Amino acid sequence: MGEIKRIGILTSGGDAPGMNAALRALVRSGLKAGFTMLGIERGYAGLLKGEIRQLNTRSVSEILHAGGTFLLTARSKEFTTPEGLDRAVSIIHEYGIDALVVIGGDGSFRGAVSLAEKGIPVIGIPATIDNDVASTSYAIGFDTALETALDAIDKIRDTSSSHERGSVIEVMGRDAGYIAYAVGLASGAEVTLVPEVPFDLEKDVLDVIRRGRDIGKHHYIVVMAEGCGSAIEMAEKIEEATGIVTRGTVLGYVQRGGRPTAIDRVIASNMGLHAINLLQKGVVNRLVAVRDGRITDVDAFEGVNMKKTIPEVLLTEAMKLF
Ligand code: ATP
């Protein structure tokens, strides 16, 4: 590997609040370290089209507080094919990119590792509201998504408690229940359902709601990750079985965007700084991570093979609060 002078940066997969803070930190600290910073638009899709431009310190002005990603993001099927990957490698060489920083989730990291296997030095920065990246305990965007979901649930609670109704709220998370688990705990939901832990409708949902009614609760909240099914259908089933008027709400894409919280801005900025520090030392093929409460990095090849699931015990413990 030659000396690193030109660094390409991209955001990939789902957008996450705080991606801009990471980009800003990469560009500003990268320029100060003497690197040329190249922004690749629309993730791997834009890489394959050569949507690449040089960035300066002004390119990242006024983005720190904004959700989404100013470099835009996309998903690309073509990139996952052997031909697509080879094309990506030749475009990286054509633009003289010596190392690539990929900001995204698990899929984006797999893409980065496939480039590393072809000899392209890479660094990954975890950003996904689902917080399901195995190599890190925290991914950029999670805290903002939690705040947004919690704010919506608190509002729904005001109405449902006033009307003595039940509420079933579907939050994001097709395969990962981190958002559901955390907002379930923080909102005082009577029932939380996550994709990692199978549930029994009668025992885990209906019995809990009936027990609540028997001890005088006027309303209840069920938080479920989208991977556990439809909140609307669940509300119908509960109403039919218990006779309690129940409404289902799907929070959907509101959870994705929005102004990043202070925590997301701070962690994202520090992750960007960490990535540039690694590149200055010539350390590559690493995934930036939060481990034991501090920002560090792990081997990219090992990182993408790690597994992360919610332990069932967390849900069992949360149930003690009802
Ligand atoms: P999110 O968690 O927000 O969905 P993600 O990074 O996991 O983010 P994906 O859609 O899984 O999002 O991945 C983003 C892009 O990374 C894909 O469109 C594809 O181009 C590339 N990618 C995903 N998986 C692989 C893989 N196994 N090998 C190579 N490239 C991949």
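**Entry 1: a pair in helix 7**

I began with Asp207 and Arg210, whose side chains meet in a salt bridge at 3.2 Å, N to O. I am working from a predicted model here. Both residues sit in helix 7 (residues 201-214), 3 residues apart, which is about one turn of the helix. Next I checked their cover: Asp207 counts as partly exposed because its relative accessibility is 29%. Arg210 is partly exposed too, at 22% relative accessibility.

**Entry 2: other salt bridges**

How many salt bridges does the count come to? I get 12 salt bridges. One of them joins the side chains of Asp15 and Arg256, at 3.6 Å from N to O. I was pleased to find that this pair links distant parts of the chain, 241 residues apart. Asp15 lies in the loop between strand 1 and helix 1 (19-32), while Arg256 lies in the loop between strand 9 and helix 9 (262-280). Is Arg256 buried or exposed? With 16% relative accessibility, Arg256 counts as buried, the cut-off being under 20%.

I then turned to Arg42, which forms a salt bridge with Glu51; their closest N and O atoms are 3.1 Å apart. Arg42 is partly exposed at 33% relative accessibility, and Glu51 is partly exposed with a relative accessible area of 22%. I also noted that these two belong to a network of salt bridges linking Glu41, Arg42, Glu51 and Arg53.

**Entry 3: strand 4**

I looked at how strand 4 (residues 99-104) is covered: 6 of its 6 residues are buried, so the rest of the structure largely encloses it. Ala99, Val101 and Ile103 point one way, and Leu100, Val102 and Gly104 point the other way. For its partners, I found 5 bridges to strand 1 (residues 6-11), running parallel, with Thr11 opposite Ile103. Another 5 bridges join strand 4 to strand 5 (residues 122-126), also parallel; there Leu100 has Val122 as its bridge partner.

**Entry 4: strand 6**

Strand 6 (residues 166-171) is likewise largely enclosed, because 6 of its 6 residues are buried. Gly166, Val168 and Glu170 lie on one side, and Ser167, Ile169 and Val171 on the other. Strand 6 runs parallel to strand 8 (residues 220-225), with 6 bridges, and Val171 partners Ala225. Strand 6 also runs parallel to strand 9 (residues 246-250), with 5 bridges; Val168 partners Gly248 there.

**Entry 5: a charged patch**

Last, I checked the surface, where Glu233, Glu236, Glu239 and Glu240 gather in a patch of negative charge. Glu233 is in helix 8 (residues 231-242) and counts as partly exposed at 49% relative accessibility.

Terms used
Residues numbered from 1 in each chain as written. Predicted model: local features only at pLDDT ≥ 70, side-chain atom pairs only at ≥ 80, totals over all residues. Heavy atoms only, no water. Patch = residues over 30% accessible without salt bridge, like charges linked within 9 Å, V, L, I, M, F, W, Y side chains within 5 Å. Areas by Shrake-Rupley, 256 points an atom, 1.4 Å probe, with all protein chains shown as cover. Salt bridge = Lys/Arg side-chain N within 4 Å of Asp/Glu carboxyl O. Lys, Arg positive; Asp, Glu negative; His and termini not counted. Charge placed at Lys NZ, Arg CZ, Asp CG, Glu CD. Helix = DSSP H or I, 4+ residues; strand = E, 2+ residues; numbered from the N terminus. Buried < 20%, exposed > 50% of the residue type's maximum accessible area, 1.4 Å probe, protein only. Pairing = 2+ DSSP bridges.
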